[in-house]
Each structure stands twice: as C-alpha cells, then as structure tokens.
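Hello,

Here is the structure for you to look over. My notes on the sheet and the cavities follow below.

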Amino acid sequence: MDLVEALKSFNRKERFWLIRNALGPASETLDEAFRRRLQQAVGVEVPATAWWAMDYHLDWLVGALTMLARGDAAFASHPNDHRLVCGNQEDMDLVVAFDRTLVLIEAKGDTAWSNEQFQGKVKRLEGLQAAGLMPSPLRLFFVLTSPRPPVGLVPKEGTRWSPWMCDDHERPLFFPLEMPTEFWKVTRWDDERQQPSFAGTRWKIVPSRGSA
C-alpha cells in the first residue's frame, strides 16, 4: 500500500464526495496556478496527478500513516501515547499527496490566524513524528494559506519550529489564497450603542471587517 492509497481508504468526508460528484472528472486535478503557488511555498514540484482531499481528520491521518508504516500490524490495538487519536473533528483544510510527499494545508479567509490553534495542529503533527509514523522517506510539509501572510505566529518559548513547517527564515510556510476583497456578514447588533454585540437582540448586515 502506498501513501495515497492509505489516505484514500479513510476519506469518507461527504463534502469531498459531494464536490467530486458535482464537478465530475475535472475535480480530480488541482488547478495549475494553485499548484505553482504551492510549489513555490514548499520548494517541491507538485505533479498534475497529485491526489487531494478536503477537511481531512487528523485521526484519519494517524490511521493512514500507521497502515503505511506497519502494514498488517496496523490493525492491532495501539497505546494512545502522545494522544495521537483524540476522537474529535480536528482536521486539515486540504491534504495533497503524491509519491512519498504529504502536504497539509491550513487556510484562513476572513479571520485572523490564532497562535493557539496553530500550535495545536503542530503538536498533533509532532506527536506523529514522536510515534515514528513519519519516517524519513516521507516528505512532510505543513503550509498556511490566506489572502495576507500570517502575523504573530511564534514557536513556544525555548523551542524552534521543525523544518517541515517553516522556510529558511524560520517563518511559517505560506502561499497566498486568492479571494474577493469585499464581503458582507451578519452579526448580532446593539441598536443603542450602534455596534456588534454578542448580547444584542437585533441583527444587522455589515462589512466583513473585524469580528462579532
């Protein structure tokens, strides 16, 4: 079993299969311009035949990599060291895989990057490494994408980021996400203060700058 076959065997996300049904064979191939931006971020050529999936659960990733690393022994029970399996919906927004290369992509559109959320994903991935599920033949990249580069993301005090998640300047791997610049949103609203309010009894359509 190779990397892509292992990943495919867990990919039961209905949103992915809905997109594949809706778009047909055209959905099998990543857009060429997207691949170019991703290649620039990771420094590795991403072939047109690369497999992709969206909203891929990290628990599934544990299972797929265990199958890849241990073959038939993967189907035994395993100690849950490093809390590898959490039984929750924590996922990667996009997974791209080919040969022995695995690219995990996290995206933000209208919201800002959170160091806490970012570090949570990093901790799960480092747990996979500690468990021996990402041997050296497997090339891993953890990449961020958003309309603007992330700011305020820093490693834990006294530590450094792993090479698979940062560039030569120790900045998170990043490529731009192309999105329209203007959106609207609905928010709960306080008429008296004329501002968004979590306790507001009204709601209002406002430009999608900031959060409420």
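**The sheet**

Strand β3 (residues 101-107) runs parallel to strand β4 (residues 139-146), and the two pair over 7 bridges. Pairing takes at least two DSSP bridges between two strands. Helices (H or I, at least four residues) and strands (E, at least two) are DSSP runs, numbered from the N terminus. Leu102 has Leu140 in β4 as its bridge partner. Helix α5 packs on the sheet and touches β2 (91-98), β3 and β4; contact means heavy atoms within 4.5 Å.

This is a predicted model: local features need pLDDT of at least 70, side-chain atom pairs count only at pLDDT 80 or more, and totals for chains, interfaces and linings use all residues. Residues are numbered from 1 along each chain as its sequence is written, and side-chain values use heavy atoms, with hydrogens and water left out.

**The cavities**

A search of the whole structure gives 2 cavities of 30 Å³ or more. A cavity is a set of points on a 1 Å grid over the protein atoms alone where a 1.4 Å probe fits but cannot get out; lining residues have an atom within 4 Å of a point. Volume is the space filled by probe spheres set on the points, which are joined across faces, edges and corners.

The largest cavity has a volume of about 40 Å³. Its lining includes Glu106, Trp113 and Phe142. Helix α5 (residues 115-130) gives the most to that lining, with 3 residues.

The second largest cavity has a volume of about 30 Å³. Among its lining residues are Leu58, Leu84 and Arg124.

Best wishes

Note on methods:
1 Å grid on protein atoms, 1.4 Å probe; cavity = no way out; pocket = protein on both sides within 12 Å on 5 of 7 lines; lining within 4 Å. Axes fitted to C-alpha atoms, helices over the stretch in contact; angles between N-to-C directions.
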